[in-house]
Amino acid sequence: MKDNNDNVQNNKPIVNTQKAIKVFGAVIYIYILALNIINMQRMYLLCIPLLILMLFIFMKLNKNINNIVDAHILNHRNVFIIVLFIISTVIMLFFAVRLQVGLTWDNGEILRSSYEFVKEKQLSDAPYFAKYPNNQLVLFIEIILIKIIGLFNSNLTFNQWIDCGIIINVFIIQISIFIFYQTLRNILKEKEALLFLIFMMSCLPLYLYATFLYTDSLGLLLVSIMSLIFYRGCCSKSGYSWIYIVMTGAIGALGYALKPTIIIYIISFIVIHFLVSINRKAIIYGLLLLVMSISIGMIVNNVITKNLTNFYHISKQQYVMYQMPKIHWIMMSLKGDGGYNIKDVAFTSRFKSYNSKQNADLILLRSRVATYGISGMTKHCLYKKVKRTWCNSALGANDYISRKPYHKGRLYQLMAIDGHCNWLSIFYMYIWWILILAGVICSFIIDHSRNYLLSMFRLSLIGIFAFELLWECNARYLLIFIPAMVTVAVNGWNKLFDKLLMNRGNAVREGKND
């Protein structure tokens, strides 16, 4: 493996901290995998022996597979990758068009409002964007896109904008995958980087979400750029490495304004930086960079927020009346299965000021915690919420495409949550999901390298688990962490196969000696 960070000096407290993180991560993902298997319907349990059979065949044919890869793929890598991206893009476009839905949930509101703002120069539903200010940046991005498209088509209709949005979204997803691939070529073996590409392009939820131009795909793009810049900064030998670190902070701030869960990546960047920077000079230098990066990030975030508020003509009074306090999502997560609850939204919306909303939600939050007790809270968070989030191999996509669908043809019946033959797609997604979860576990347990990016990705996977326990949980929030999961899983499977093949080779040699 190419790793410019493995030459870090040995330091016992740092090593122990990293080991603790890996043990903690392994326990979490073993639990998630076990919960997936326990909660599977009987027909989907067939994927377990099927996976074991596939892995057994792979082990037996490993030498032949390596020869084929070396002779026919790596020697024509560029052609293979181009063909792979073309096929994936065409299929994704087909899925996005055939699984298109009407205006529903936040995505529909933003598509409608962006077109309305360009045509009418105002928002008819400004209270929505005062209520959920995190959607203001994605609205601005879509307004810019409409204006750019309008340069080529001055009579752009709403339906044409929807179609253009789908095409743009598909290319955003594909570009994000490509940037991740280019980054991983520097830290993984070429075969592992190709395996990452194959896993990403076989991730069915990405194809199902391709019809929605929303913060998930845009967040995916920002995370891919941020990861590339962060890696370049960590590996830079010049005196300009600080520029990369500061750029990471600035892009992270932009990402936070777009998709708040990106903050988990930023925190992971910071923690890993200090875990591997073990000499005093590097820590002081890192602290200065961190302060500079966060300062720039806060400035960027404040400028974005202030200017967007003025741009949309949202008044302070509207914020006071409609904005939801952050405690609302924590309170809402303590009811039912921990997901979005329309009754809780209605409850909080009854109050006419931000402070009264916050006080009411805090009282209800304390009441729910007291009602649950320790055992009830444990069951709710570690069973109900984890099950809702992590035992959904479709990441909720099959539910979203079933809301106001335009077409109910064969593809819909195969993919949607209410489709007649959706068990086939669920079966496939379970195989993919369990492979990824098992690979993540292997990486946490077996990999002992100190690679910056891999360590950061592993820590971010612990971070998103913790976030989903605390916040309103939704499997869709995992989407921007899929590249991190796949990277860690590919690393895990590679380490496992290397270990098994090495042990088998040693056993053969010992047999010959006997």
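These notebook entries record what I looked up in a predicted model of one protein chain.

**Entry 1: ground rules.** I note that this is a predicted model, in which local features need pLDDT of at least 70, side-chain atom pairs count only at pLDDT 80 or more, and totals for chains, interfaces and linings use all residues. Residues are numbered from 1 along each chain as its sequence is written, and side-chain values use heavy atoms, with hydrogens and water left out.

**Entry 2: the whole chain.** I found 23 helices and 0 strands; these are DSSP runs numbered from the N terminus, helices being H or I of at least four residues and strands E of at least two. Of the 514 residues, 52% are buried, a term that means under 20% relative accessible area, against over 50% for exposed and partly exposed in between (1.4 Å probe, protein chains only). The chain exposes about 24100 Å², of which carbon and sulfur atoms supply 66%; such areas come from the Shrake-Rupley method with a 1.4 Å probe, and for residues only the protein chains shown count as cover. I then looked up contacts, meaning heavy atoms within 4.5 Å. Among those between residues at least 6 apart in sequence, 81% join residues at least 24 apart.

**Entry 3: helices 5 and 8.** I examined helix 5 (residues 105–120) and helix 8 (residues 158–184), whose axes come within 11 Å and cross at roughly 125 degrees. Axes are lines fitted to C-alpha atoms, for helices over the stretch in contact, and angles run from 0 to 180 degrees between N-to-C directions. The two helices are therefore oblique to each other, since angles under 35 degrees count as roughly parallel, over 145 as roughly antiparallel, 65 to 115 as roughly perpendicular and the rest as oblique. On the helix 5 side I list L111, R112, S114 and Y115, which meet F158, W161 and I162 in helix 8. The residues of this contact divide into 5 nonpolar, 1 polar and 1 charged; Ala, Val, Leu, Ile, Met, Phe, Trp, Tyr, Cys and Pro count as nonpolar, Asp, Glu, Lys and Arg as charged, and the others, Gly among them, as polar.

**Entry 4: L258.** I located L258 in helix 12 (residues 241–258). L258 is buried, at a relative accessible area of 2%. Leaving aside neighbours within four places in sequence, its contacts include N134, L137, T215 and G219. The C-alpha atoms of L258 and G219 are separated by 6.9 Å, although the two residues are 39 apart along the chain.

**Entry 5: N494.** I placed N494 in helix 23 (residues 482–513). N494 is buried, with a relative accessible area of 16%. Beyond neighbours within four places in sequence, N494 is in contact with K189 and E192.
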